[in-house]
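Visitor: I would like to learn how to read a model like this one. Could we take it feature by feature?

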Amino acid sequence: MGEKVLVARQLPNKFIQQIEQFAEVDVWDSELEPMPREQFLKRAADATIVITTLSEKIDETFFESAPKIKGVVNLAVGYDNIDIDLAHNKGVIVTNTPEVLTETTAELGFTLMLTAARRIVEAVEYVENGEWKSWGPYLLAGKDVHGSTVGIYGMGAIGEAFARRLKGFNCKVIYHNRSKKEKAEKELNVEYRNMDELLAESDFVVCTAPLTSETKGIFNKETFKKMKDSAILINIGRGGHVVESDLIEAIKQKEILGAALDVVENEPIAMDHPFLGMKQVIVVPHIGSSSINTRDHMVQLCVDNAKQIIAGSEPVTPVKK
Ligand code: GLV
Ligand code: GLV
């Protein structure tokens, strides 16, 4: 066959067996420990395809180490771990996993919003700590989501799926995006705002944007000051969207109320990170698309993309220039 697929994370056998039908397979044998960089580079040396996760940085060093590479197949919709221009300049195909994870990721964002609004993490801890003495008039009183104004930063597929869910909660939905989305405005009754307006009007600000040089650090000291002091930030984009020291300070100074984060700047989070000691901040371990069904769909899409690239055909979901 002569084609080798390096799979940087352990995946269910049913998928590995499919790859074995069209290529030699080399699979890293851990689901939760990323491949050490040297191992990855060494084992990529004779690979034609790598199936990567966000843990693998695809940069100049990678391309130098992997001279036979034809395709980088990323098990994620985001691909900020990959130097796309460099890959394209080298004629290497890059694929991601859009669409299949849209609804599941929006759902996690929605879960985070409700969880933060109704202080569910604190409430569970309260019960488990034996603090529950009686019904209290304002016991763990939180924020209503229904009837609130929700500002979506990044109106792509996930932003739209989020907006659709808000309809049932009778929310006012505003958004900010690089380009205006006329179709979403009509279909979902969402209104465009410039960034300052979005920040000023929103009770919940939800980040669903991809991480780029334009969006990096967009939630910072200046932007937190423009938000309501009762606002909650939900981040299902990338940790790099938020300047974490500024978020900590903004919450301490009561410039905003709190945050619920699926992503942080450095994952996994350090156990001495200040977020972990703040009851106004909820952190979950980057599980946005993690339902069994959706992860199956994402992995299958990677297998299909790898197969197409090896066959010399157009992959199912290429990242375009
Ligand atoms: C996960 O964050 C993804 O980009 O799919
Ligand atoms: C609370 O349980 C209520 O009945 O208001």
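Guide: Start with the record. This is a predicted model. The UniProt annotation "domain: D-isomer specific 2-hydroxyacid dehydrogenase NAD-binding", from an unreviewed entry, covers residues 110-288. Over that span the chain is 32% helix and 15% strand. Its end C-alpha atoms are 10 Å apart.

Visitor: What does the other UniProt annotation, the "catalytic" one, cover?

Guide: The record, again an unreviewed entry, places "domain: D-isomer specific 2-hydroxyacid dehydrogenase catalytic" on residues 5-319. That span is 35% helix and 14% strand. Its end C-alpha atoms lie 19 Å apart.

Visitor: Which domains does the domain assignment give?

Guide: Two entries to read here. Domain 1 is 4-98 + 292-310, and domain 2 is 102-283. The C-alpha centres of domain 1 and domain 2 lie 31 Å apart.

Visitor: Now the ligand. Which residues surround ligand 1?

Guide: List the shell, then sort it by class. Around ligand 1 are Leu 54, Ala 76, Val 77, Gly 78, Leu 101, Arg 238 and His 286. By class, that gives 4 nonpolar, 2 polar and 1 charged residues.

Visitor: Which polar side-chain atom lies 2.7 Å from an oxygen atom of ligand 1?

Guide: One belonging to Arg 238. Look at the backbone too. A polar backbone atom of Val 77 is 2.7 Å from a ligand 1 oxygen. For Gly 78, a backbone N or O atom lies 2.7 Å from an oxygen of ligand 1. Then check the burial: ligand 1 taken alone exposes 190 Å², and the protein buries 85% of that.

Visitor: How should I read backbone angles?

Guide: Most residues other than glycine have a negative phi, and most peptide bonds are trans. Then look for departures. His 286, one of the residues around ligand 1, has a positive phi of about 50 degrees although it is not a glycine. His 286 sits in the loop between S12 and helix H12 (292-310).

Visitor: Where does Leu 140 lie?

Guide: In the loop between helix H6 (120-128) and strand S6 (149-153). Leu 140 also has a positive phi, near 50 degrees. At a relative accessible area of 21%, Leu 140 is partly exposed.

Visitor: And peptide bonds: which residues does a cis peptide bond join?

Guide: Glu 267 and Pro 268, with omega about 0 degrees. Pro 268 lies in the loop between S11 and S12. Pro 274 is found in the loop between strand S11 (258-261) and strand S12 (281-283). Pro 274 is partly exposed, at 42% relative accessible area.

Visitor: How far apart in space are Pro 274 and Thr 111?

Guide: Pro 274 and Thr 111 are 163 residues apart in sequence and 23 Å apart, C-alpha to C-alpha. Ala 209 lies in the loop between strand S9 (204-207) and helix H10 (221-226). Its relative accessible area is 8%, so Ala 209 is buried.

Visitor: Last one. Which side chain does Thr 53 join in a polar contact?

Guide: That of Arg 9, at 3.4 Å. Thr 53 is placed in the loop between strand S3 (49-52) and helix H3 (60-65). Thr 53 is buried because its relative accessible area is 12%.

Technical notes: Residues are numbered from 1 along each chain as its sequence is written. Chains are lettered from A and ligands numbered from 1 in the order in which they are written. This is a predicted model: local features need pLDDT of at least 70, side-chain atom pairs count only at pLDDT 80 or more; totals for chains, interfaces and linings use all residues. Side-chain values use heavy atoms; hydrogens and water are left out. A residue is near a molecule or strand if one of its heavy atoms lies within 4 Å of it. A polar contact is a pair of N or O atoms within 3.5 Å; within protein, one must be able to donate a hydrogen and the other to accept it, and residues adjacent in sequence count only if both atoms are side-chain atoms. Accessible areas come from the Shrake-Rupley method with a 1.4 Å probe; for residues, only the protein chains shown count as cover. Ala, Val, Leu, Ile, Met, Phe, Trp, Tyr, Cys and Pro count as nonpolar, Asp, Glu, Lys and Arg as charged, and the others, Gly among them, as polar. Domain bounds come from an automatic or database domain assignment. UniProt positions are given in the numbering used here, feature names are shortened, and annotations may be inferred rather than shown by experiment. Helices (H or I, at least four residues) and strands (E, at least two) are DSSP runs, numbered from the N terminus. Buried means under 20% relative accessible area, exposed over 50%, partly exposed in between (1.4 Å probe, protein chains only).
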